[in-house]
Amino acid sequence: MAIQWVLVCHGLITLMVVISFLCGQWPIFQGTFVERLHNFLTFGAYEYFLKFVGKMCGDRGENAVISVEYYCCYRSNPTLQILYAAILSTTYYFIVQSSFAYIPNYYLSDIHRYISIVAIGVGVILFLLTSFSDPGMVKAENVSQYISAYPYDNVIYSERECSTCKIPKPARSKHCSVCDRCVARFDHHCGWMNNCIGERNTRYFLAFLLWHFCLCLYGSVALSLILASRLKELKIIHILTVYYGVENSFRGLAPHIAQWLLSSYNTQILLMVFLGVVCLLMAAFFGYHAKLCYTNTTTNETYKWQDHENLQRKINEAKASATALKASLNGLSAVNKPPESKWKSFFRRSPLKDAEVVVKTNIYDKGLVHNFSEVIFPLSTRSSFVSAITKKAKVKAK
């Protein structure tokens, strides 16, 4: 029984660590243990490790660790791509080794062996498409077309030159410091793909997230059906109720069935937990990016809007405070004015509440159909865009 509890604790701890690492910065976890664990995993643990290496190996060892960090985090490298391949292949290997022997069964036919191979293959294809496709690189040859395709809103985007590429910077583009290139409709740089997510490959990235959500859901459901089939084939419920006198109810049978599953099929249980956690994460990531597509916004623009709104809010609050201070000084200069009641001053409305509300105006949001069509059929892949580039190249050649 001790082994089962160790497995359960291991699963819960793994779930907590994964959620804290990936979701600890979400507003819902602010001020909680999840946020503190996230800070420790992302910053604190590394700082302690760096200090430990510095004390044990001196400056040379510390510099070596910093060099590895720079390569892994700030330079284009295939580390996470290799890790993805390792996780996918290892997980599928354990599923084949532990569970394919029980297919076919009461609930799954033999075709699911081949469906799983096809599902894995499609996931790998989407991964390769996202990783090695052009995200929408902005060059001197196509910069004018991107400028005409994405107008400046003069709020978070204004006309200026990229200091690195020395070409005009189209609206919604960003120079990626990791890839060292300007990317149109830049969303973010994805370490797992070792590629930027931009105008031309956002559709592949969304398909990758959705497919892997379905893949993990399919895997966890298939494993649960295998266990349900084993439960029925071995007549476990009949044995527990008839031979051991266990009450034939969910409350009576659940502890005994759970103990039997954990002792006999712990590999399948751990795989189900792992796939379930990844399934939830894929659903969260896909939902977030689908929402961005719905409003025709990118992750990069989300941060830009947050910075703009915070700045405008501070400016408006400063103006409201200045107006309130001026009114207060005018009141003090008034002749024979009776002193204000303490209760009245206590319940007086804060001047900061009179600050003008910051309104977000996204000129790129043109409705659900247009927003999603822009993602599915990028502007640079449309015939009008390509013909404009070709026509300009011919004019330059003449």
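# Briefing on a predicted helical chain model

Helix α6 is followed by Lys235, a residue with a positive phi, near 55°. The model is predicted. The chain has 398 residues, of which 34% count as buried, and it holds 13 helices and four strands.

**Whole chain**

- The chain exposes about 24,800 Å², and carbon and sulfur atoms supply 66% of that area.
- Taking contacts between residues at least 6 apart in sequence, 65% join residues that are at least 24 apart.
- Six salt bridges are found in a search of the whole structure.

**Helix α6**

- Helix α6 covers residues 202–233, and its 32 residues should span 46 Å at 1.5 Å a residue; the end C-alpha atoms are 46 Å apart, so the two values agree.
- Thr202 is in helix α6 and counts as buried because its relative accessible area is 6%.
- Beyond its neighbours within four places in sequence, Thr202 is in contact with Arg185, Ile197 and Val375.
- Arg230 and Glu233 are also placed in helix α6, three residues apart, or about one turn of the helix.
- An α-helix has 3.6 residues a turn, so residues three or four places apart point the same way.
- The side chains of Arg230 and Glu233 form a salt bridge, with N to O at 2.8 Å.
- Arg230 has 17% relative accessibility and therefore counts as buried, whereas Glu233, at 33%, is partly exposed.

- Salt bridges with shared partners join Arg172, Arg185, Glu301 and Glu374 into one network.
- Arg172 lies in the loop between α5 and β1 (174–176), while Glu301 lies in helix α10 (residues 299–333), so their pairing ties together parts 129 residues apart in sequence.
- Both Arg172 and Glu301 are buried.
- Another salt bridge is made by the side chains of Arg200 and Asp134, at 3.9 Å from N to O.
- Because Arg200 is in the loop between β4 (195–197) and α6, and Asp134 is in the loop between α4 and α5, this pair ties together parts 66 residues apart in sequence.
- Arg200 counts as partly exposed at 28% relative accessibility, and Asp134 counts as partly exposed at 35%.

**The loop around Pro135**

- Pro135 is located in the loop between α4 (112–132) and α5 (143–149).
- With 0% relative accessibility, Pro135 counts as buried.
- Pro135 and Arg185 are 50 residues apart in sequence, but their C-alpha atoms are 8.9 Å apart in space.
- Neighbours within four places aside, the contacts of Pro135 include Arg181, Val183 and Ala184.
- Further contacts of Pro135 are Asn195, Cys196, Gly198, Glu199, Arg200 and Asn201.

**Nonpolar cores**

- The largest nonpolar core has 16 residues.
- Val138, Tyr146, Tyr150, Tyr157 and Ala171 have the most contacts inside that core.
- Tyr157, leaving aside neighbours within four places in sequence, is in contact with Tyr152, Ala171, Arg172, Ser173, Asn300, Glu301, Lys304 and Tyr364.
- A second, separate core has 14 residues, among them Ile120, Leu126, Phe127 and Met282.

**Nonpolar surface patch**

- Leu83, Ile87, Trp192 and Phe274 make a nonpolar surface patch of about 340 Å².
- Phe274 belongs to helix α9 (residues 266–294).
- Phe274 has 35% relative accessibility and so counts as partly exposed.

How values were computed:
Residues are numbered from 1 along each chain as its sequence is written. This is a predicted model: local features need pLDDT of at least 70, side-chain atom pairs count only at pLDDT 80 or more; totals for chains, interfaces and linings use all residues. Side-chain values use heavy atoms; hydrogens and water are left out. Patches are made of residues with over 30% relative accessible area and no salt bridge: like charges are joined within 9 Å, nonpolar side chains (Val, Leu, Ile, Met, Phe, Trp, Tyr) within 5 Å. Accessible areas come from the Shrake-Rupley method with a 1.4 Å probe; for residues, only the protein chains shown count as cover. A salt bridge is a side-chain nitrogen of Lys or Arg within 4 Å of a carboxyl oxygen of Asp or Glu. Helices (H or I, at least four residues) and strands (E, at least two) are DSSP runs, numbered from the N terminus. Buried means under 20% relative accessible area, exposed over 50%, partly exposed in between (1.4 Å probe, protein chains only). The expected span of a helix is 1.5 Å times one less than its number of residues. A nonpolar core is a set of buried Ala, Val, Leu, Ile, Met, Phe, Trp, Tyr and Cys residues joined through side-chain atoms within 4.5 Å. Contact means heavy atoms within 4.5 Å.
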